[in-house]
Amino acid sequence: MDDTGRQELIQRAHLAKESAYCPYSKFRVGAAVVTHDGKIYTGCNVENASYGLSICAERTAISKAVSDGYKQFKAIAIASDQVDRHISPCGACRQFMREFGLHWEVYLTKLNGDHQQMTVENLLPLSFGPDNLGGMN
């Protein structure tokens with residue numbers, strides 16, 4: 001992605017966290033994913049009193065895109081209110097992202113918009129994915 005696209009994606013992730021429903025953890029997270037044709041989908045974390053039913057921002061954004069028919073992504077930006085460190089996706093989100101490829105970009109951000117760029121493969125090396133299911137009898 002070029003600098004303008006990357007900055008827009010990061011800004012959209014930070015805006016998405018404003019909608020977070022997190023009455024238990026108070027930890028707001030937003031995500032913005034861009035499709036292969038440039039459409040941006042955003043998501044926020046949505047907690048639940050039954051903690052296991054909570055959904056992360058990354059999975060919300062990707063699910064919204066998939067529900068509109070998208071399954072190929074260029075990049076995702078993840079944002080929180082963390083000042084001293086870049087936000088990092090949980091293991092479930094890393095596996096969820098991996099379902100849609102290894103080589104798309106992931107921008108881990110800080111509150112000030114500073115970011116660290118990685119790929120899904122960097123976040124989940126030696127991962128299990130759709131290609132591992134081929135050849136099963």
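## Charge and basis of the model

The protein chain carries 14 positive and 15 negative side chains, and the centres of the two sets are 4 Å apart. Lys and Arg count as positive and Asp and Glu as negative, while His and the chain ends are not counted; each charge is placed at NZ of Lys, CZ of Arg, CG of Asp or CD of Glu.

The model is predicted: local features need pLDDT of at least 70, side-chain atom pairs count only at pLDDT 80 or more, and totals for chains, interfaces and linings use all residues. Residues are numbered from 1 along each chain as its sequence is written, and side-chain values use heavy atoms, with hydrogens and water left out.

## Overall fold and dimensions

The protein chain contains 4 helices and 5 strands, arranged along the sequence as α-β-β-α-β-α-β-β-α. Helices (H or I, at least four residues) and strands (E, at least two) are DSSP runs numbered from the N terminus.

Along the principal axes, the C-alpha atoms fill a box of roughly 45 × 40 × 30 Å.

## Burial, surface and contacts

Of the 137 residues in the protein chain, 43% are buried. Buried means under 20% relative accessible area, exposed over 50%, and partly exposed in between (1.4 Å probe, protein chains only). The protein chain exposes about 7,400 Å², of which carbon and sulfur atoms supply 52%; accessible areas come from the Shrake-Rupley method with a 1.4 Å probe, and for residues only the protein chains shown count as cover.

Among contacts with a separation of 6 or more, 60% involve residues 24 or more positions apart. A contact means heavy atoms within 4.5 Å.

## Aromatic cluster

The structure holds 5 aromatic pairs. In one of them, Phe73 and Trp104 are tilted, at 5.3 Å centre to centre and with 40 degrees between the planes. Rings of Phe, Tyr and Trp (its six-membered ring) pair if their centres lie within 6.5 Å; planes under 30 degrees apart count as stacked, over 60 as edge-to-face and the rest as tilted.

This pair links distant parts of the chain, with Phe73 in strand β3 (residues 73-80) and Trp104 in the loop between α3 (91-98) and β4 (105-109), 31 residues apart. Phe73 is buried at 8% relative accessibility, and Trp104 is buried at 3%. Ring pairs join Phe73, Phe96, Phe100 and Trp104 into a cluster.

## The surroundings of His36

His36 lies in the loop between β1 and β2 (40-44) and is partly exposed, with a relative accessible area of 43%. Not counting residues up to four places away in sequence, His36 touches Tyr70, Gln72, Phe73 and Lys74. His36 and Gln72 are 36 residues apart in sequence, yet their C-alpha atoms are 5.6 Å apart in space.

## Residues with positive phi

Lys26 is not a glycine, but it has a positive phi of about 60 degrees. Lys26 is placed in the loop between α1 (3-16) and β1 (29-35) and is exposed, with a relative accessible area of 60%.

Leu126, also not a glycine, has a positive phi of about 55 degrees. Leu126 occurs in the segment after α4 (120-123) and is exposed at 91% relative accessibility.
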